[in-house]
Amino acid sequence: MARFRDGAGGVKILASWLREFVDVPASPEDIAATMSLRGFAVEGIESIGDDSVLDFEVTANRPDCMSVMGMAREVATAYGLPVRRPDPPGAGLSALPAASPPPSLQPVETSDVDVVIDNPELCPRYAGAVADVTVGPSPAWMQARLQATGVRPISNIVDITNYVLLELGQPMHAFDHARLSDAQIRVRTATRSEVITTLDGQSRPLSADMLVIADARRPVAIAGVMGGADSEVTARTRVIVFESAYFNPLSVRRTSRALGLKTEASMRFERGADPWLPVIAMDRACALLESTGAGHARGTVVDRYPVTLAAATLRLRRARIAGLLGVAIPDADVRRILDSLGFGLTDEASGWTVTVPTRRVDCLREVDLIEEIARHYGFDRLPSTFPALAAAPPPADPRIARARHLRTVMTAAGFSEAMTFGFVAEPAAVPFAPDGDLVPIANPLSENFAVLRPSALPSVIDAVAHNRRREQRDVRLFEIGARFSRAHGERRSVACAWTGAAVSEHWSGGARDVDFFDIKAVVEQIGRALRLEVRTEPRQERWLAPGRSAAVMAGDAMVGAVGQLAPAIALAHGLPPHDEIYVAEIDIDAAEVAATVDIRVEALPRYPSVTRDISILVDDTTASARVRQTIRDAAPPTLVRVLEFDRYQGKGVPQGKVSLSLHLTFRSTDRTLTDAEVQDTMDVVLAALVATHRAVQR
């Protein structure tokens, strides 16, 4: 049984269904281990009664394995077994895909349905077959298989098309013959004014570049995506038209994205279906129709194939195999593997000419064939050798080391890394970008991914909200990623958000919530990691709360912003209205340009330091950073550290003033400083503070 997870490339295979195609004696656990070594990772094995379901991961370049038949072909090659065609429950797979249809359906030019292809470049092949049916429930065994795959049984006709999809990987559709105007199927592009109501009940406007299946008057299906409600098979249907086709992958992908409509059919068509499979699948569907008692095919198929997609041929050289794999693979193994996978081989002096099956959209070069050989020969059988080093490897990109160092700094500060998408909803992006600077996505997957993010903060804030909804009050997150704008293109930034407690809760008490100065300290740590001397200056950003918003400066350059997230934006992201969320973002590219601090290595100090404290009164509008800078400018090089340890306003401090207390640490590299030297320096510092800030010593 096959189960497909949208977009993830997963397929679930029921062991009993697999054994209808290949008589593999191994247990499900052995099959899982064997196939994992051949490029199909197994996520898990689930027991269902006496049966087991193997959950495989299938990469996007292997749409041929998104079915029971496709995976059976791989299992048969791995175990050296032949692939057979299932007989019960239903006959009809009398041959592998070939250039001519099976004998059970006779190809005809005209039938009870007329098929016309107006756009052969978008639909190279389209097959239609008419059948008389009695609509009702499908057999219990078919319903059980569909239900186990997550497909709701609808009727015997619809269930047969879904069954063939799961078994062979070929999407099919059934039309009510009586609801097709003039009994015609025309494959064409839509007109600008056309609208179709699809099977999900949604009315969808069509554009001129979308391929549709139409009758003589109107579109009845969106080609490769979904059928229309106007031609749906119902309990009153007596005659149906089976559709089995091959559509251009790019056309289906564009239509699916433009409509925001992802289906099992579109997922297969846009990755690349097999142009030889439509009539094979049609024959299988008609055989199931007969064997289940759902109806009788009229025995003919109208197979329009105006643009033949020929199988590609590649040259495969023995020397190239040995050169890439490091070992010579015996000719018998090469032929056994490729023959079993459906490749055609013709011997030549240096190797083979290989005919690639049309279902193998991933095999475009000789190296792709060698990969197939290596997978089934066994990577574990290849020797482990180091290639000869002919030149020194290029130096690593310094941005990688810089990002790694930033991650270390942020995790050391108690933050967890978030990894989010580079696109967000437009309303979430607007506050973080100047007017007209957003970069929209032409065909977004949904409105939640409509624009490239102008800042990493909307994504990080969403991650904070996700955690808050799960009862996590204390959240610290950061992300290092790209942001985009029309003016500056793509740039890298580090963004962080902090809400809840400033320190971990402890029985000794003293807990408090995060404030502006906590997030400012984090910004200073980021600055040191980026070799910057950063400072903050008042600046109002529209995404920050008034009075709690600042620019992060490095010299004369603004490299970021820090502050409390505006409550309206927090509320728009689903955060509780009473939460205070402090955020910051630093432009890493701008920081690299502004970096001025050279990395130096100094000997450990040999002489003791001397620490003096100073307490002063200054205007409460004076920034402490200016006070510290004045001290540094006035002091000699023996001043190695200035640390503010107390800030007080209240009783004993005049109105409009603030008391600042600072530690000043002095040390010389060549001697022990005397008290007199330190006191002279303190006198100079105090005089500078008085002159510059009208400070009063306490």
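Analyst: The answer below begins with the basis of the values, goes on to the sheet and its helices, and ends with the setting in the chain. This is a predicted model, in which local features need pLDDT of at least 70 and side-chain atom pairs count only at pLDDT 80 or more, while totals for chains, interfaces and linings use all residues. Residues are numbered from 1 along each chain as its sequence is written, and side-chain values use heavy atoms, with hydrogens and water left out.

The part in question is an open sheet of 3 strands in the order β18-β20-β19, with antiparallel pairing; strands here are DSSP runs of E with at least two residues, helices are runs of H or I with at least four, and both are numbered from the N terminus. Two strands are taken to pair if DSSP finds at least two bridges between them. The edges are held by β18 (313-317) and β19 (344-348), each of which has a single partner strand, so one side of each is left without a neighbour in the sheet. On average, neighbouring strands of this sheet are turned by 25 degrees against each other, direction ignored.

Strand β20 (residues 351-355) runs antiparallel to β19 and is joined to β19 by 5 bridges. Within that strand, G351 of β20 is the bridge partner of E348. As a general point, strands of a sheet pair through backbone hydrogen bonds, either parallel or antiparallel.

Two helices accompany the sheet. Helix α9 (residues 318-325) lies across β18, β19 and β20 and runs at about 70 degrees to β18, where angles go from 0 to 180 degrees between N-to-C directions and axes are lines fitted to C-alpha atoms, for helices over the stretch in contact. Helix α10 (residues 331-340) also packs on the sheet, touching β18, β19 and β20, and its direction makes about 155 degrees with that of β19; contact means heavy atoms within 4.5 Å.

As for the setting, the chain has 19 helices and 34 strands, and along its principal axes the C-alpha trace spans about 110 × 60 × 50 Å. The radius of gyration of the chain is 35 Å, whereas a compact globule of 698 residues would have one near 26 Å; the radius is taken over C-alpha atoms, and the globule rule is 2.2 Å times the number of residues to the power 0.38.
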